[in-house]
Amino acid sequence: MGFTLSQEFAHGGSSSAHLSMHDPAFAEGSKVYYLVQEVDPGEFPDVVRGFYRVEDWQKSTPRQYLQFVVIAFGPDNFPADAANYQLRYGLAGLDSTPFQIDNAYFVFLDRNPPVTGEWVPFEAHIKDDFQRLWGKVPEGFDKLRLLFEVRWDDKTAGDGAADADVYYDDLFIGPK
C-alpha cells in the first residue's frame with residue numbers, strides 16, 4: 001500500500017509522506033504500507049537518515065513495527081544465487097527478527113515501541129553495515145531500492161484492529 005502527501009505534519013518544509021494503516025480485527029497474515037524510492041547513485045552511499053512520526057498507534061500483533069529496507073539489486077561482487085541483497089532496519093515496535101529471509105540481515109536501530117506525537121530522528125550507516133554483515137560493500141549494482149514502512153506480520157483474525165498513522169520526512173541517502 002502506498003503513501004499520500006500530507007500537510008498535517010511536516011518536519012521540514014510543508015509536507016511529509018503519510019502511511020495510513022487501518023486494518024480490521026479480522027485481517028490476517030502480513031501487510032505492508034510503504035514509501036519506495038529507487039536510486040542509481042553510481043557509488044554505494046554511506047548513510048540513510050531522516051525522521052518519522054507516529055500517531056494513533058494501536059498494536060494488534062507482536063509483529064507490528066516500523067522499518068526501512070535498503071536493497072541492492074544485482075551487485076557484481078555478490079553471489080548470483082539471489083537477485084538482490086538487503087539490510088532491514090527496525091526503527092520501532094519490534095524486538096526480534098520477525099521472519100527468516102536468506103538474502104537479508106535485520107539491524108535494530110530501536111527495539112522499543114514507537115514514540116507517538118513527536119518527530120524521531122534515525123540514521124543508519126548502510127555502507128559500514130553491509131561491510132560488517134555481508135563482508136563486503138555492493139559494487140556494480142543495477143540499482144538501490146529504499147522502502148520506508150509500517151507493517152504487521154503473523155496476524156490472526158481476532159487479534160484486534162491494526163491502526164497507525166506514520167509520517168516520514170527529510171529522508172536522505174548519500175555521503176556521511
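Biologist: Which residues point one way from β5, and which the other way?
Modeller: Q64, L66, F68, V70 and A72 point one way, while Y65, Q67, V69, I71 and F73 point the other way. In a regular strand the side chains alternate between the two faces of the sheet. This is a predicted model, in which local features need pLDDT of at least 70, side-chain atom pairs count only at pLDDT 80 or more, and totals for chains, interfaces and linings use all residues. Residues are numbered from 1 along each chain as its sequence is written, and side-chain values use heavy atoms, without hydrogens and water.

Biologist: What makes β5 largely enclosed?
Modeller: Buried means under 20% relative accessible area (exposed is over 50%, partly exposed lies in between; 1.4 Å probe, protein chains only). Ten of the ten residues of β5 are buried, so the strand is largely enclosed by the rest of the structure. β6 is mostly covered, with nine of its nine residues buried.

Biologist: What joins β6 to its partners, β5 and β7?
Modeller: Eight bridges join β5 and β6 in the antiparallel sense; among them, F68 is partnered by Y89 and Q67 by G90. β6 and β7 run parallel, joined by five bridges, and R88 stands opposite F106 of β7.

Biologist: What makes β3 and β7 edge strands?
Modeller: The open sheet has five strands in the order β3-β9-β5-β6-β7, with mixed pairing. β3 (29–39) and β7 (104–108) each pair on one side only. From one strand to the next, the twist averages 20°.

Biologist: Which strands does helix α1 touch as it packs on the sheet?
Modeller: Contact means heavy atoms within 4.5 Å. Helix α1 (residues 126–134) touches β5, β6 (84–92) and β7, and its direction makes about 115° with that of β6. Axes are lines fitted to C-alpha atoms, for helices over the stretch in contact, and angles run from 0 to 180 degrees between N-to-C directions.

Technical notes:
Pairing = 2+ DSSP bridges. Helix = DSSP H or I, 4+ residues; strand = E, 2+ residues; numbered from the N terminus.
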